[in-house]
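Let's walk through this protein together, one part at a time. Take a look at the sequence and the model before reading on.

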Amino acid sequence: MARLIIIGPEGRSEKELGPSNTLGRHPNNSHQILDRIVSKEHCHIEQVGGAWEIRDLGSLNGTFVNGKKVDRAKLADGDEIMIGSTRLIFQTASAADSQAGAVSKPPPIPAGAAPAHVTASAQAPTVVAEPQGTSKTPQSRPIKSVTIAPGAMVQSHIRTKLAPLTDHNFLPERLVQDEEALRRDYEKLRASYEVMRAIGVQLDVDDILTKIIDAAFQLVPADRGVILLYDEARELTPRCVRTKRAQADGEEVKISTTLIEEVLRDKAAVLSSDASVDERFSTAHSIIMQGIRSSMAVPLLHGGEVFGIMVLDSQIAANAFTEKDLQLFQNVANQAAIAIQNSLYAKKLEAEAVTRERFQRLLSPAIAEQVLSGNVEVKKYGELRETTVLFSDIRGFTSMSEKSDPQTIVDMLNDYFERMVEIIFEYEGTLDKFVGDEIMALFGAPVSHPDDPYRAVKTARRMMEALAAFNEERLARGQEAVQIGIGINTGDVIAGYLGSSKALEYTVIGDAVNTGARLCSAAGPGEILISEHTYARVKDFFEVEELPPTHVKGKAAALKIYRVVGERASAKTVAAG
């Protein structure tokens, strides 16, 4: 059968799929997903004939397959499913058997295998790659440093240059008439096979680079190999260095800028042969300074752009490399580029999943996707924006806590919070925080709507309705009913990420926030109190009672407040629309 790899707030797990499977938060599902944003019965996966299908079960936050929201969809091996903040990877039986562990979280970088860094030198910029640890290959050992050495460069005396290989297609057997073309195709397949066999199911970039060079050593008679990748500062940095022979302590590998500049300028594979005796390289000090007799450099291309370079050289044999070796090395690089980009993309997806999970703790999935896609900007240091702030608080919570054991209180709060947050997200509000038994929600930050005050009051009404159903269940179990009061205010706030560099959280601050909190404190059990600023924006939609002006803490003047008692017909029309 097929299986799911589940990556969510509770960690990573693998589940075998039966012919019919339900997924959701409730323990009665075939596979329980412990994610607050997942519905109780969220989606259904079943085998129909020889295919697999996923069907959304009317979940609140939707089911996404490869980033697209679906009601029903066919599943293929490797499809990524998002429900709530949980990521699911679907694998067919064949893939699960042959690629076990292929989507596991990349292992941590071994000690000493950190990315390379650059150290300054008065004569030459020395790029230092930290030791990679003991190799499993007896003929390979780490090299301590790599230098891209400057000097008087000869950029036109390259013996062989190959244009980027853009044709990766193979002719049908009946159309093959050229024996040389057949041999070239065979070499392409051989290179692809050897590289992919070496890489296997590895996802860690540094492990992949090591395996790529080891595979290149099996295909080409080279002594040393280096892979350089662009870092975030757009500097070529060595990420992997391998050698077949032992190196003296402190010995550096010096890479020719002659080769590097040719590769970067023309995006071409280049070969220098017998550099130590070739008069054309007599001024290319970066090549002859180590007696390098043959070198090859090939670009790593993605989307037509160079993102790295692979270099192989030989210090032992004259004429070590031929044009055929360069072509083979170019084929290795093509496969390596795909593997490296897949690994980098996997890391990007993992980082995005973490970011998405964080956002979806605050925002509804639809709003979180807008933030992640860049359609909505979240200012780190805050921005002034009009926001409607909703506070709700359980009345008599202290006495309730004194009469019950801690675990009972925690279970009650989790059940209560889950129901309330679903309603906040339904109206595209932002969950700011929980403070004990208090909920603070925002409407207008980080995403604003013209009717944010209406959404806030409508949310409060729905919360009261959900609380009534919650209390019916509690009373049926012989438990005490829960009562809440809600306060809502609209005004300008500073919204953004606030805190230290190590502990940032998205929130709002300002007098409008304080006023909302004071209204919540003034609200009695079952009451929804709104300020005059909120009332001015929702008076056409809700029935209210004006209360006597009330003095609250921190305010010199009494506040005009209103109690929401019902909805007008116009509010129901808005809700239906």
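The term pLDDT is the predictor's confidence in each residue, from 0 to 100. This is a predicted model, in which local features need pLDDT of at least 70 and side-chain atom pairs count only at pLDDT 80 or more, while totals for chains, interfaces and linings use all residues. Residues are numbered from 1 along each chain as its sequence is written, and side-chain values use heavy atoms, leaving out hydrogens and water.

On average, the protein chain has a pLDDT of 76, and 68% of its residues score at least 70. Over residues 98-144, pLDDT stays under 50; the model has 105 contacts (heavy atoms within 4.5 Å) beyond four places in sequence for them.

Now for a sheet. Strands (E, at least two residues) and helices (H or I, at least four) are DSSP runs, numbered from the N terminus, and two strands pair if DSSP finds at least two bridges between them. An open sheet of 5 strands runs in the order β4-β3-β5-β6-β9, with mixed pairing. β4 (31-32) and β9 (72-75) each have a single partner strand, so one side of each lacks a neighbour in the sheet. Strands β6 and β9 are antiparallel and joined by 4 bridges.

Next, the interior. A nonpolar core is a set of buried (under 20% relative accessible area, 1.4 Å probe, protein chains only) Ala, Val, Leu, Ile, Met, Phe, Trp, Tyr and Cys residues joined through side-chain atoms within 4.5 Å. In the largest one, with 39 residues, Met 412, Tyr 416, Ile 486 and Ile 488 touch the most other members. Helix α9 (406-426) is among the contributing elements and gives the most, 10 residues.

Note on methods
Buried means under 20% relative accessible area, exposed over 50%, partly exposed in between (1.4 Å probe, protein chains only).
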